[in-house]
Number of protein chains: 2
Amino acid sequence: MFEADDAHLVTAALVIIGDEVLSGRTKDKNIGHIAERLTEVGIDLREVRIVPDVEEDIVAAVNALRARFTYVFTTGGIGPTHDDITADSIARAFGVPIDVDPRARKLLLEYIPEDRLNEARLRMARIPQGAELVANAVSKAPGFRIGNVIVMAGVPRIMQSMLEVVLPDLEKGRPMLSHTVKANTGEGDIAAGLSELAGRYPKVLIGSYPFRDEDGGFKTHLVARTRDKALLEQVTAELEQLVAPFA
Amino acid sequence: MFEADDAHLVTAALVIIGDEVLSGRTKDKNIGHIAERLTEVGIDLREVRIVPDVEEDIVAAVNALRARFTYVFTTGGIGPTHDDITADSIARAFGVPIDVDPRARKLLLEYIPEDRLNEARLRMARIPQGAELVANAVSKAPGFRIGNVIVMAGVPRIMQSMLEVVLPDLEKGRPMLSHTVKANTGEGDIAAGLSELAGRYPKVLIGSYPFRDEDGGFKTHLVARTRDKALLEQVTAELEQLVAPFA
């Protein structure tokens with residue numbers, strides 16, 4: 001999927017924490033957005049895991065992935081209820097203490113009157129020792145970053161705002177560019193030519209995605225991806241030649 | 001997330017194979033459907049991984065997950081083009097040979113005239129040795145099952161038809177039942193009572209999911225999950241009492 005000899009690759013994994021996604025009750029809306037935004041800024045999303053609200057599963061996923069990728073993002077499980085165990089799980093993954101963080105408590109007080117800042121709501125101020133806070137422009141309760149792990153809310157609007165807060169501070173590589181060419185035929189008719197073309201451009205990622213149009217006819221989207229603009233234009237021209245006989 | 005003492009638990013993991021989902025170009029439509037259907041029939045989906053079109057990543061994910069769960073489902077990468085490497089990757093994961101399977105070739109001939117069954121299209125008949133085919137009611141090119149791994153297409157309509165073909169032959173546990181109670185307030189107001197309630201029902205999974213209504217007001221969905229219908233009714237009644245003051 002990714003060229004091996006790029007000077008400066010920045011990679012990421014995403015851990016979605018949530019029983020509700022695994023049970024099918026909630027349809028995830030975060031993966032697509034995070035994938036798009038990371039790709040745009042030059043961070044390659046390499047793996048996504050959806051895990052249940054179980055501490056040992058969260059710890060195992062985060063520890064496996066933070067060793068392999070530049071960054072690990074998590075979504076979900078940072079609210080005030082008993083099933084919100086992400087912050088404690090991350091503290092355990094890093095082997096650091098966790099407690100109510102005065103900075104986070106102060107942020108909550110900007111949004112929640114002090115007489116309503118009960119023990120449950122204070123859970124949202126529990127932050128692993130050594131973490132930096134990630135501001136929440138929507139409802140104040142912060143996310144955080146510890147090492148290369150960035151912990152965000154699960155509610156899409158809040159997650160999106162946290163992602164924009166954190167992105168400027170992250171390392172980036174050259175963004176992957178892509179171009180899509182539509183073939184008015186099924187994959188089987190162009191596969192041989194496509195394979196030959198892909199063989200001649202080992203540094204370009206070429207994907208083939210079949211679909212049916214409104215009339216049920218077989219069509220294919222051919223997607224070329226590379227960080228090199230000139231190379232992308234060259235491959236795009238060849239892909240257009242390849243599909244021309246089926247126009 | 002899951003009770004430990006259930007007599008007969010049947011578990012599953014799902015591996016989504018696709019660069020196009022990780023790049024954000026394609027929004028996954030399979031996770032939600034598979035999660036819902038497995039939950040309905042009594043198979044607990046415990047983990048989902050999205051991995052790129054890279055053989056070693058597919059092999060690693062499938063081998064890690066098939067050792068831990070009753071079943072592993074995969075979607076994507078079984079078409080005719082050079083980037084369709086799922087069947088070969090699964091063969092490698094199991095350490096078995098792979099070649100064009102006469103049964104699969106025959107199925108393709110029901111759909112594709114012999115003079116159009118070129119080398120590329122024949123790739124769709126490559127099946128690891130020892131696998132059983134999974135029929136494709138939409139476009140014939142089959143999925144397959146080897147050991148506890150079930151390999152399905154990525155196109156949602158085809159995947160859904162393959163899933164229905166394979167489900168009747170799988171082991172099932174008692175289906176997880178769930179009931180949702182809506183609280184007309186934010187999580188922080190009910191978290192303490194909810195935590196106390198959850199503590200008294202250790203065998204019921206109780207989740208709390210905040211949302212904003214159309215007017216921007218904070219609301220919460222409380223979801224109780226258990227395989228025991230009577231217990232579910234009892235907990236539901238208690239949850240309704242808990243939220244009554246905010247009605």
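Me: Before we start, how are residues, chains and ligands labelled, and which pLDDT cut-offs apply?
Reply: Residues are numbered from 1 along each chain as its sequence is written, while chains are lettered from A and ligands numbered from 1 in the order in which they are written. The model is predicted, and local features need pLDDT of at least 70, side-chain atom pairs count only at pLDDT 80 or more, and totals for chains, interfaces and linings use all residues.

Me: OK, which domains does chain A have?
Reply: The domain assignment gives domain 1 (11–169) and domain 2 (177–246) of chain A, with bounds that come from an automatic or database domain assignment.

Me: And how far apart are the C-alpha centres of those two domains?
Reply: The C-alpha centres of domain 1 and domain 2 of chain A lie 38 Å apart.

Me: How many residues of chain A are in contact with chain B?
Reply: On the chain A side there are 51 residues in contact with 51 residues of chain B, where contact means that the C-beta atoms of two residues, placed from the backbone, lie within 7 Å.

Me: Which elements of chain A give two or more residues to that side?
Reply: They are helix 1 (19–22), helix 2 (31–41), strand 2 (44–51), helix 6 (119–122), helix 8 (187–200) and strand 10 (205–212) of chain A. Helices (H or I, at least four residues) and strands (E, at least two) are DSSP runs, numbered from the N terminus.

Me: How do the residues on that side divide by class?
Reply: The side of chain A that touches chain B has 23 nonpolar, 14 polar and 14 charged residues. Here Ala, Val, Leu, Ile, Met, Phe, Trp, Tyr, Cys and Pro count as nonpolar, Asp, Glu, Lys and Arg as charged, and the others, Gly among them, as polar.

Me: Do strand 2 of chain A and strand 2 of chain B run parallel or antiparallel?
Reply: The two strands run antiparallel and are joined by 3 bridges, and strands count as paired if DSSP finds at least two bridges between them. A:I50 has B:V48 as its bridge partner in strand 2 of chain B.

Me: Changing topic, what is the strand order in the open sheet of chain B?
Reply: This open sheet of 3 strands has the order 9-11-10, with antiparallel pairing. Strand 9 (177–183) and strand 10 (205–212) of chain B stand at the edges, each with a single partner strand, so one side of each is left without a neighbour in the sheet. Neighbouring strands are turned by 20° against each other on average, direction ignored.

Me: How many bridges join strand 10 to strand 11 there?
Reply: There are 8 bridges between strand 10 and strand 11 (residues 218–226) of chain B, and B:F211 stands opposite B:K219 in strand 11.

Me: Which strands does helix 8 of chain B lie across?
Reply: Helix 8 (residues 187–200) of chain B lies across strand 9, strand 10 and strand 11, running at about 175° to strand 10 of chain B. Axes are lines fitted to C-alpha atoms, for helices over the stretch in contact, and angles run from 0 to 180 degrees between N-to-C directions. Helix 9 (residues 229–243) of chain B also packs on the sheet, touching strand 9 and strand 11.

Me: Last one, at what angle do helix 3 and helix 4 of chain B cross?
Reply: The axes of helix 3 (residues 55–66) and helix 4 (residues 86–94) of chain B cross at roughly 55° and come within 9 Å. The contact is made by residues including B:I58 and B:V62 of helix 3 and B:I90 of helix 4 of chain B.
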